[in-house]
Structures are given as structure tokens and as C-alpha cells.
Amino acid sequence: MATPVTVGLRLGIGAAPPSGAALAIAGERVPVQITAGPTTLRGEAVPGDTGVAVEGGLAVLLAGELHSGPGGAQLLLQTWQRYGPAALRLLQGRFAAVVLDGDRLTLATDHAGSVPLYVRAVEGGLQVATEAKAFAAGRSAALPGTAPVPGPAGVLRVRAGTAVTVPLGGGPAAAIRTWRPPEHREALPPDQAVTRVREALEAAVSSRIGDGDVTVVLSGGIDSSAVAALARRHARGTVTTVSLGTDAGDEFDAARLVADHLGTRHEELRVRSEDVVGALAWAVAATEIVDADVLEYLLPLVVLHRALPAGPRRVLTGYGADIPLGGMHRTERSLAPLDAVIAEDMATFDGLNEMSPVIGAVAGHWTTHPYWDRTLLDLLVRLDPGLKRREGIDKWVLRRAVADLLPEKTVRRPKLGIHEGSGTTSTWTAMLRAEGLPAELVAAAKGAMATAIHARVVGLGESPEGLDVGEVLRGTVAGKRLVAR
Ligand code: IOT
Ligand code: MG
């Protein structure tokens with residue numbers, strides 16, 4: 001069994017499907033073949049049977065899920081029949097979509113680009129996949145609304161909040177934006193802001209919990225504790241909370257306090273910190289990025305999903321709350337620089353793939369991130385920064401919004417990043433230093449390792465299974481000319 005949500009697509013439209021490596025996601029490959037007029041679309045959807053809807057000359061393929069209502073691909077098809085491409089401005093969810101409407105093909109991401117979608121324009125048609133490694137080395141004609149991906153694949157990525165339409169019979173392709181991060185701010189009365197955040201978070205969690213059991217990855221910080229509390233309140237099935245620790249550190253006491261307070265079924269998983277760093281090939285295979293800072297956040301999550309017993313699960317996280325709330329800048333006391341980093345982070349998230357479903361789907365799980373719900377994110381970004389830092393407290397508005405649901409100690413707990421709590425950053429650094437690398441070259445070495453692994457698992461389609469990260473680490477220290485950054 002696998003997640004009921006279709007997570008991956010690999011398709012050729014008027015062309016052969018991309019011929020590179022297998023998608024990293026686990027699950028049954030369901031063949032897809034649709035003919036609409038002169039165009040044939042074929043390939044695979046992985047896994048699940050919810051991802052395809054066809055009616056006459058209109059075919060919709062959906063990786064992910066919609067939160068505007070039930071029905072997945074069928075809901076998008078019906079909405080498209082009424083609104084055309086504007087359907088993608090109306091519906092919200094966590095998805096990538098492919099829509100064949102007569103001889104026009106549209107490729108779309110959700111507002112956050114949270115399900116990455118890749119394309120190559122080739123002679124006679126298009127190749128599309130939800131992972132870049134699916135493409136063999138090659139080149140693409142330019143397409144609007146896309147950006148090249150790092151590494152040797154020669155593939156384009158559909159930008160976040162974008163729908164790209166390509167007329168298959170020839171003629172210029174066009175792109176529309178379906179969402180943009182707001183750049184203005186609203187100074188709501190504090191009580192009103194607190195109420196609105198609570199309502200939007202409550203709706204974001206409810207629309208993501210499905211109708212069965214749900215798992216929340218819980219650090220015991222305010223972000224994931226709030227999600228766990230609301231999941232407990234709204235879930236129809238059992239709520240399980242899971243906390244990851246290593247020999248280098250854990251947040252087990254903080255997570256346990258929340259789990260006991262809420263009455264969740266709670267699991268603690270402890271792994272070797274060197275094994276967290278050793279999962280780097282999996283993290284790169286899942287995210288297809290080379291940014292070592294972001295990979296440090298994601299490594300523990302990849303390890304956690306792979307270690308979860310008895311899958312598949314629907315997993316909710318608190319990931320992403322820190323971006324619109326400025327949580328990573330918890331020591332910033334002045335509001336102007338706090339808002340500046342929020343604006344900067346909202347302008348630069350696209351392509352980091354930090355919310356890619358592949359991170360959980362390599363182990364067959366469906367992950368979802370309530371803080372990046374479109375309505376909630378839109379609200380959080382827009383809030384006056386004086387509501388994000390207030391009375392000397394970071395993420396003030398969120399803390400107040402869920403204060404009645406959690407232990408007071410949790411509501412007041414200062415943030416500890418996942419890479420800090422799990423010791424991932426310090427262990428990776430120590431492993432490099434143990435090979436004799438000077439401290440000022442550590443950051444560059446981490447980046448070089450990520451790039452080297454990316455070239456193999458994305459560029460060459462090598463499996464992360466057999467890739468020895470320790471060997472890459474030693475090779476990087478011994479062989480590369482690193483420049484301090
Ligand atoms: P952090 O906020 O600590 O963790 C993200 C989520 O991972 C948590 O909400 C929780 O659901 C889960 N998690 C963290 N630690 C554990 C643990 N020990 N056991 C189980 N689950 C855990 C970085 C960070 O500090 O993560 N994420 C930021 C910022 C991203 C920056 N990106 C950007 N600027 N584009 C975030 O917003 O979440
Ligand atoms: Mg957080």
C-alpha cells in the first residue's frame with residue numbers, strides 16, 4: 001500500500017516520456033495513455049488512482065491534492081471547464097498539474113511551487129516529470145514561466161505560482177502568475193490578528209488531515225505543537241506524534257510535554273547523528289537541490305520519514321512557519337530588518353524545494369505543511385511585523401493564537417532549529433574537521449559535497465542507496481580546491 005495521493009508524474013506529450021532515471025518516490029507505477037484529438041499523452045502516475053481525470057478533449061493529471069474541495073483531478077477538470085486556466089488562480093492546494101485542453105498543454109504549480117514540476121521542450125512536443133532526474137542529459141527550447149535547474153540535466157522548472165501554456169501545434173508559449181507573495185503589510189488590531197491567524201491555521205490543518213489517521217512530526221516548538229494540537233482537535237482517526245533525536249541532541253522532553261498534554265500516540269526515534277549526515281544522498285535525491293543550509297534542515301526530516309515504522313502515513317509538519325513570521329531571525333529586535341528578511345525569504349524560496357513531497361514519498365509517505373496553506377501564508381506574510389515580534393517575543397501572533405491549546409511552557413519556548421536540535425550541523429562540521437579541514441572551509445565543503453552528490457543522483461541518475469557519503473566527504477576534503485565563503 002502507498003499514500004492515496006498521486007505524488008509523481010512522468011509524461012511525454014507528442015513526444016516520448018523522459019528517458020532518464022526512475023522517480024525516487026516509492027509506490028506503484030500506474031500507466032497513463034490519453035489521446036485528445038491529434039495529441040497522445042503517455043507515461044506514468046505514481047502511485048494512486050486519484051491523479052487522472054478525462055472528459056472529451058480535456059485531460060487533467062494531478063500530482064498532489066487540492067484543498068478547495070474533494071475530488072482531486074476531477075475537481076480541477078470541472079473547475080477548468082468553467083474558468084479555463086483561471087481555475088489555477090481559484091483552486092488552492094499542494095499540487096503540480098498537467099492539463100491537456102485540445103491542442104494546448106498547460107503545466108502548473110501551486111502558489112508555493114510545493115510540488116516541483118520539470119519540463120523539456122523537444123521536437124514535436126514536451127516531456128514532463130515531477131523529478132528532474134527523470135530526464136536523460138539533453139537540452140530544452142526556452143519556455144516562459146520556467147527557470148533552469150542546477151546541474152547537468154538541462155531541464156526547466158515551472159516557477160512557483162505559475163501556469164505555462166504551450167500550443168502543441170506551434171506558436172508562442174505563454175505563462176501567467178497564479179499567486180505572488182504579498183509585498184504590502186497590514187496593521188490589524190492585535191486581538192483581531194490573533195483571531196484571524198487561529199481561524200486560518202485551524203482551517204489549514206483541518207483541510208489537510210484527511211479522514212483517517214494522521215502523524216505530526218513534533219519538535220515541541222510552537223510551530224509543530226500548534227499543528228499537533230489542531231490535528232488532535234479535528235482528526236477523525238488517531239493522531240500520532242513523532243520526535244527524532246540523535247546521540248548529538250534531541251528535543252524529546254519538549255515534545256513529550258506536548259504529546260502528554262494533547263493525548264497523542266507518541267513515538268521517539270533515536271538514530272546516530274553520523275547516519276543523519278550519511279542520508280545526504282537521499283536528501284539530495286529527494287529535493288534535487290545543492291543548497292547545503294537548506295539540506296541541513298531537511299536531512300533530519302528525510303531520516304525521520306525513512307525510519308517511520310508501518311507506513312504509509314499522512315504526515316503534517318510545522319515546516320515553513322518561520323519564513324513568513326521571521327522565526328529564523330528570532331534575535332532580531334528591530335522591525336525594519338525583521339520585515340526585510342521576511343520579504344527576502346518570500347522572494348527567494350522558489351526552487352529550494354524544501355516542501356517537496358518527495359522528501360516523505362521516498363519512504364511512501366504523504367507530507368503536507370499547513371503554514372504554507374495559501375490563505376494562511378498570505379495572511380502571515382501581510383501581518384505588520386510588530387505583530388510578529390511583540391513584547392520582546394518572537395512569533396508573538398502565532399503563540400497567542402494557540403495559547404489555549406498548549407502548555408504555557410510550550411507557548412513560551414524559544415525556537416531551536418531542527419538542524420540544531422538534532423545536532424546535524426555540528427556533526428557534519430565535526431566529520432569534516434576530523435578529516436583535517438580548516439574551520440573556514442567547512443561551509444564551502446558542505447556545498448561542494450551537495451553539488452558532487454547532485455551531479456550523481458540527479459545528473460547521472462545514480463541511486464542514493466549505494467552512494468557512500470563518507471567517501472564523497474573524504475574526496476571533497478582531499479581533492480577539491482575549496483574557497484572560504
Ligand atoms: P524547524 O522549524 O526546527 O523544523 C521544521 C519542522 O520540522 C518542525 O515544525 C517540525 O514539524 C519538524 N521537526 C523539527 N525538529 C524535529 C524533531 N526533532 N523531531 C520531529 N520533527 C521535527 C528550518 C528549521 O529551523 O526547522 N525551517 C524553517 C526555515 C526554512 C528556511 N527556508 C527559507 N528561508 N526558504 C521553517 O520555516 O520551518
Ligand atoms: Mg519551525
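## The largest pocket

The largest pocket in this predicted model has a volume of about 870 Å³. Here a pocket is an open set of points on a 1 Å grid over the protein atoms alone, with protein on both sides within 12 Å along at least five of seven lines. A volume is the space filled by probe spheres set on the points, which are joined across faces, edges and corners.

What lines the largest pocket? There are 42 lining residues, with Y297, Y319, D322, K415 and I418 nearest the centre; to count as lining, a residue needs an atom within 4 Å of a point. Two or more residues each come from α4 (222-234), β15, α8, α9, α10 (335-348) and α16, and α8 gives the most, with 6. These elements are DSSP runs, numbered from the N terminus: helices (H or I) have at least four residues and strands (E) at least two.

## Who sits inside

Ligand 1 takes up the space of the largest pocket; "sits in" means that more than half of its atoms lie within 2 Å of the grid points. Around ligand 1 are 26 residues, and V217, G320, E354, K415 and I418 come nearest. To be near, a residue needs a heavy atom within 4 Å of the molecule.

By class, that shell has 14 nonpolar, 8 polar and 4 charged residues. Ala, Val, Leu, Ile, Met, Phe, Trp, Tyr, Cys and Pro count as nonpolar, Asp, Glu, Lys and Arg as charged, and the others, Gly among them, as polar.

## Oxygen contacts

Now for some close-ups of ligand 1. One of its oxygen atoms is 2.7 Å from an N or O atom in the side chain of K415. At the backbone, a polar atom of G320 is 2.8 Å from an oxygen atom of ligand 1, and for G318 the distance is 2.9 Å. On its own, ligand 1 has 750 Å² of accessible area, and the protein covers 96% of that (Shrake-Rupley method, 1.4 Å probe).

## The second largest pocket

This pocket has a volume of about 690 Å³. Its lining holds 35 residues, with P4, V5, G210, D211 and R314 nearest the centre. β5 (58-66) and β14 (214-217) each give two or more residues to that lining, and β5 gives the most, with 4.

## Reading the numbers

Residues count from 1 along each chain as its sequence is written, while chains are lettered from A and ligands numbered from 1 in the order written. Local features need pLDDT of at least 70 and side-chain atom pairs 80 or more, totals for chains, interfaces and linings use all residues, and side-chain values use heavy atoms, without hydrogens and water.

Key
A polar contact is a pair of N or O atoms within 3.5 Å; within protein, one must be able to donate a hydrogen and the other to accept it, and residues adjacent in sequence count only if both atoms are side-chain atoms. On a 1 Å grid over the protein atoms alone, a cavity is a set of points where a 1.4 Å probe fits but cannot get out, and a pocket is an open set with protein on both sides within 12 Å along at least five of seven lines; lining residues have an atom within 4 Å of a point.
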